[in-house]
Amino acid sequence: MKKIIKSSVVAGLLFGTALIADGFTLKSDDMFGQMSTSQVFNGFGCTGKNISPQLTWSHAPKGTKSFAVTMYDPDAPTGSGWWHWLVFNISQETQGLEVGVSGQDKMPKGAVESKTDYGTFAFG
């Protein structure tokens, strides 16, 4: 089975701009403790721009085969939380995602965006 590094971006970035574990570092130039109106969903009564954040990472553990990015809100008033973004099969050569890459042809080759709780296959 391929080793996948999962990064809970929202939880990691709530307390700063980087998530660091055993040298693995995740950073964003777009998220600083909370999502901005650029990242807020445009729908369901919200009026954001729904743009996926820029992310970079470095110092992946030896033997990493691929990466996954998940954004989950455990405090959403649903009783079970809310999945905002699910991306997997990001190649080990990839060192980040550009701002606004979700739902576009700009995703790294082979990366897969899974269905979110918004019912879309993109960031929300």
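Accessible areas here come from the Shrake-Rupley method with a 1.4 Å probe, and for residues only the protein chains shown count as cover. The model is predicted: local features need pLDDT of at least 70, side-chain atom pairs count only at pLDDT 80 or more, and totals for chains, interfaces and linings use all residues. Residues are numbered from 1 along each chain as its sequence is written, and side-chain values use heavy atoms, with hydrogens and water left out.

**View 1. The whole protein.** The protein exposes about 7300 Å², and carbon and sulfur atoms supply 54% of that area. One helix and 10 strands are present; helices (H or I, at least four residues) and strands (E, at least two) are DSSP runs, numbered from the N terminus. The order from the N terminus is β-α-β-β-β-β-β-β-β-β-β. Of the 124 residues, 40% are buried; buried means under 20% relative accessible area, exposed over 50%, and partly exposed in between (1.4 Å probe, protein chains only).

**View 2. The largest nonpolar core.** A nonpolar core is a set of buried Ala, Val, Leu, Ile, Met, Phe, Trp, Tyr and Cys residues joined through side-chain atoms within 4.5 Å. The largest one has 16 residues. Those with the most contacts inside it include Leu 55, Trp 57, Val 69 and Leu 97; a contact means heavy atoms within 4.5 Å. Two or more core residues come from each of strands E3 (24-27), E6 (55-58), E7 (66-73) and E8 (82-91).

**View 3. Leu 97 and Pro 53.** Not counting residues up to four places away in sequence, Leu 97 touches Pro 53, Gln 54, Leu 55, Trp 57, Val 69, Trp 85, Ile 90 and Pro 108. Pro 53 sits in the loop between strand E5 (46-47) and E6. Pro 53 counts as buried because its relative accessibility is 0%. Between Pro 53 and Ser 28, 25 residues apart in sequence, the C-alpha to C-alpha distance is 7.2 Å.

**View 4. Strand E8 and its partners.** Two strands pair if DSSP finds at least two bridges between them. E7 and E8 are antiparallel, with seven bridges, and Ser 66 stands opposite Ser 91 in E8. E8 also pairs in the antiparallel sense with E10 (residues 112-113), over two bridges. Here Phe 88 stands opposite Val 112 in E10.

**View 5. Two residues with positive phi.** His 59, in the loop between E6 and E7, has phi near 60 degrees. His 59 counts as exposed because its relative accessibility is 59%. Asn 89 lies in strand E8 and has phi near 65 degrees. With a relative accessible area of 35%, Asn 89 is partly exposed.
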